[in-house]
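Work through the exercises below with the sequence and the three-dimensional view side by side. Try each task before reading the solution that follows.

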Amino acid sequence: MLKRLLRSISAIFAGQFLNIVGNLLLVPLFLSRWSTGMYGEWMALSAVVAYLGVTDLGMNLAAVNAMTAAYARGDLGRYRHLQGSAMAFYVGMALSLSLLFGLLMAILPIPTLIGIRHIPPAVAARVTWLLALRILWQMPAMQLWSIYRTTGNLAATQWLWNLQFLGLLAVTATVLVLQGGVLHLALWGALPMIAVTAGAWFSLRRSHPELLPKLSEARIAGLRELLSPSLLFGLIMLSMALTLQGPVLLVSKALGGTAVALLVTTRTLANVVRQMVAPVQTALWPELTRLDAVGAEAVLRLGHRLLVIGSVTLSAAFAGALWFEGASVMAVWTVGKLPTDVWLLRIFLLATVLQ
């Protein structure tokens, strides 16, 4: 268990490192190639489509938890039953919402409603739809990648995420260096997800062919069983979407793209605190699920207690450093092109620690 846990933590820390380095490199690159207004509006359009992630309804987390428990008990029949039901839900949801969202973008002036001014309305509509497609089809892709996690190899699932993120960094940097616009970035940004998902499929076909998802395994009973716990996860996702994307859309409408750029970059810096704590939490999640599945309550209780103590200690330490030095970091990071609001940063840091 310890070896598996260390591999998972290493993979997640690598992902967090890529995320931090990516933000450090891309924000100055964005601000050097695009105006602050255009960059802020790109973030606002991304915030609009981010709400589509709520249509997951927490199904992935509920399904992965249940499948991990089933695999730990050796019940492969139940595993495939739950997996097929979740995959059928995702494919149906992604297909129907792709068509519906495309229709809405053609009819409603959504970019205008959220205060988009620097990006032409027709371009903004196409960009929004392309970003929506990526989010919607990421859901069945995630279900495929999570097979590794359910079998005790969370590190492999995380490395797939890392590869996709690394590919997205490369695509974004290339488009910006070549003077590409928002439409080019939205179009080429889907390439890493497609490539990583195809690679995961062929890899699983060799290593775990019996666990590849089949829509024929889907059952109404399986979907009904997953819906109850998934809605609880879905409420968490909805609250996160409202908290993260709601302010972006309100600021875009009221104050414009430059204010959005300030809000998002300040919040991203504060989220470094979360990124330092999240790897341990995420790595322990499937281990705690397995302990619960086999009834090891004493070990489960100890693991949870240590996780809470460690999370509080680490988050407070990193937030304390940024509380005093965050303004200097912000000024260097944005190459002086964005103002620094110290108390906005400190409010984000306080909220992150409390979360």
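The model is a predicted one, in which local features need pLDDT of at least 70 and side-chain atom pairs count only at pLDDT 80 or more, while totals for chains, interfaces and linings use all residues. Residues are numbered from 1 along each chain as its sequence is written, and side-chain values use heavy atoms, with hydrogens and water left out.

**Exercise 1.** Find the helix in which Trp-129 lies, and list what Trp-129 touches beyond four places in sequence.

*Solution.* Begin with the helix, which is α6, residues 121-150; helices (H or I, at least four residues) and strands (E, at least two) are DSSP runs, numbered from the N terminus. Next, not counting residues up to four places away in sequence, Trp-129 touches Ser-98, Phe-101 and Gly-102, contact being heavy atoms within 4.5 Å. Finally, Trp-34 lies 95 residues from Trp-129 in sequence, and the two are 21 Å apart in space, C-alpha to C-alpha.

**Exercise 2.** Decide whether Ile-12 is buried or exposed, and state which residues are in contact with Ile-12.

*Solution.* First place Ile-12 in helix α1, which covers residues 2-33. Because its relative accessible area is 4%, Ile-12 is buried. Leaving aside neighbours within four places in sequence, Ile-12 is in contact with Leu-154, Gln-158, Pro-279, Thr-282 and Ala-283.

**Exercise 3.** Describe the setting of Val-175, and then that of Gln-179.

*Solution.* Val-175 lies in helix α7 and counts as buried, because its relative accessibility is 9%. Beyond four places in sequence, Val-175 touches Gly-180, Gly-181, His-184, Leu-185 and Trp-188. Most residues other than glycine have a negative phi.

**Exercise 4.** Give the angle at which helices α11 and α12 pack, and name the residues that meet.

*Solution.* Two packed helices are described by the angle between their axes and the distance between the axes. Helix α11 (residues 257-270) and helix α12 (residues 272-293) pack at about 40 degrees, and their axes are 4 Å apart; the axes are lines fitted to C-alpha atoms, for helices over the stretch in contact, and angles run from 0 to 180 degrees between N-to-C directions. On the α11 side Thr-268, Leu-269 and Ala-270 take part, and they meet Val-272, Val-273 and Arg-274 of α12. The residues of this contact divide into four nonpolar, one polar and one charged, where Ala, Val, Leu, Ile, Met, Phe, Trp, Tyr, Cys and Pro count as nonpolar, Asp, Glu, Lys and Arg as charged, and the others, Gly among them, as polar.

Note on methods:
Buried < 20%, exposed > 50% of the residue type's maximum accessible area, 1.4 Å probe, protein only.
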